[in-house]
Amino acid sequence: MVKKNLLIDITIYISFIFLGLYLSVFQRALIDIGKYYNMASYLQGTLVSSHFAGLLVMPLIAGEISDKYGRKVVSCLGYFFFFAGLVTTLITSNVYLYVFSVFLIGGGFGIIEGLMTTVLVDFNPGKESMVINVSQAFFVAGAFAGPLLVSLFLSKGYDWRHLYAIFAAIALIYLLYFSMLPFRKALEGTEKLKGLIVLKLLRQPLMVLFALSILMYVGIEQGISFYVNTYIKSMTSSEIISSLALSGFWGFMVVGRIICSYISRKIDPKKLIVVLASFATISILLISLSRNYVLAAIGFSILGLGLSGIWPLLVYSSSAAFPRFAGTTIGIMMASSAIGGMVIPFASNAVGSLIGPSAGVGSLIIPAVVVIAVQLFIIRKALKPKP
């Protein structure tokens, strides 16, 4: 059984590399995709919105289903939606159908990330924090490698559609693989659940506070990802510096998540989140005050270390607080992540457009402070789930 669980863990870790690769390829190829469908530049933002809309809606439904009826059917649904969206992308030339396919891919993406995290929790009792951190380290490693993969394919005369075909083939393989795995049926042997679990959880103040924290965190992460190139290029035209800054950001995040996977077992995760968010706040402040592109690039890289463990620690803390409903809990956290990814970067970009890039980056201090304040409130009030 141990060897079998280890094989499943490794397979899931590889799936996180796959997700990270897709997301970074999607971001990197966004302009090329827009050109292929003859989309105006201002309409390309609808692709990002469609991805996050899928990420918002589907994990909520999938988490509910997984807690009531088991993990297998939901994991298969996730890979099916992901596969169907990719195939639709490859066969259609209609821009509206493509926008819908991005919704399917985003939904499948959210289901896979949330459900695979839940399965890791199921198969690794007592090691939940470690495996969630490690899985996210693999995710970031994929995101780090994605732009390099795109550059390699472009240099060989291929384009984003060839990469999408490869992703579709991998999604199909995973769909077949997980359809044969004997996942345990969640809540087997307990009373039949009545009503919507998601509504029961959202009446819990602790759940709402965890959801608010991850909403703020993802907003910071997505905002920073957007601002690395914009901010560096406001000080220098060097493509190398901005690329190094972005690579450094993701690279330090990988290192940080690996470190957090070990120390989170010895330190209260909520306290560790406060430390990491405080470090991130200081880093964002220094970046916004910097007028030297080299120092700014270094600041962005180090910021990756501060942000590294927050997402996994929040997901672990929330699922540990509501272990009986881990699937729905993680679904709520995924949906909250989607809201943060849509709203906060938009607000930060608006500030940057009105005042300047430094103010845009600096505005991300606000959600970082909210994360700190919420976690301190949970610690000091010793908030616990209500029966």
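This passage walks through side-chain contacts and surface features of the structure shown above. The model is predicted, so local features are reported only at pLDDT of at least 70 and side-chain atom pairs only at pLDDT 80 or more, while totals for chains, interfaces and linings use all residues. Residues are numbered from 1 along each chain as its sequence is written, and side-chain values use heavy atoms, with hydrogens and water left out.

Aromatic rings are a friendly place to start. A pair of aromatic rings is described by the distance of the centres and the angle of the planes. Here, rings of Phe, Tyr and Trp (its six-membered ring) are paired if their centres lie within 6.5 Å; planes under 30 degrees apart count as stacked, over 60 as edge-to-face and the rest as tilted. By this rule the count comes to 24 aromatic pairs. In one of them, the ring centres of Tyr36 and Trp160 are 5.6 Å apart and the planes stand at 85 degrees, so this pair is edge-to-face. Tyr36 belongs to helix α2 (residues 30-36) and Trp160 to helix α7 (residues 160-179), so the contact ties together parts that are 124 residues apart in sequence. Helices here are DSSP runs (H or I, at least four residues), as are strands (E, at least two), and both are numbered from the N terminus.

How far these side chains are covered is given by relative accessible area: buried means under 20%, exposed over 50% and partly exposed in between (1.4 Å probe, protein chains only). Tyr36, at 38% relative accessibility, counts as partly exposed, whereas Trp160, at 6%, counts as buried. Another edge-to-face pair is formed by Phe249 and Trp250, with ring centres 5.1 Å apart and planes at 70 degrees. Phe249 is buried at 0% relative accessibility, and Trp250 is buried with a relative accessible area of 11%.

Arg161 lies over the face of Trp160, at 5.8 Å from the ring centre; a charge sits over a ring if NZ of Lys or CZ of Arg is within 6 Å of the ring centre and within 35 degrees of the ring normal. Helix α7 holds His162 as well, a residue that counts as partly exposed at 37% relative accessibility. The side chains of His162 and Asp159 are joined by a polar contact of 3.0 Å. Such a contact is a pair of N or O atoms within 3.5 Å; within protein, one must be able to donate a hydrogen and the other to accept it, and residues adjacent in sequence count only if both atoms are side-chain atoms. His162 and Leu90 are 72 residues apart in sequence, and their C-alpha atoms are 8.9 Å apart in space.

Attention now turns to pairs of opposite charge. Side chains of opposite charge can pair when their charged atoms come close. With a salt bridge taken as a side-chain nitrogen of Lys or Arg within 4 Å of a carboxyl oxygen of Asp or Glu, a search of the whole structure finds 5 salt bridges. One of these joins Lys68 and Glu64, at 3.3 Å from N to O. Both residues lie in helix α3 (residues 45-69), 4 residues apart, about one turn of the helix. Lys68 is partly exposed, with a relative accessible area of 24%, but Glu64 is buried at 8%.

Arg71 forms a salt bridge with Asp122, the closest N and O atoms being 2.8 Å apart. Arg71 sits in the loop between α3 and α4 (72-91) and Asp122 in helix α5 (residues 95-123), so this bridge ties together parts that are 51 residues apart in sequence. Arg71 is buried at 3% relative accessible area, and Asp122 counts as buried at 19%. A further salt bridge links Asp268 and Lys270, at 3.5 Å from N to O. Asp268 is partly exposed, with a relative accessible area of 29%, and Lys270 is partly exposed at 21%. Salt bridges that share partners join Asp67, Arg71 and Asp122 into one network.

The last stop is helix α1 (residues 2-28), where Ser15 is found. Ser15 is buried, with a relative accessible area of 0%. The backbone oxygen of Ile12 lies 2.5 Å from a polar atom of the Ser15 side chain.
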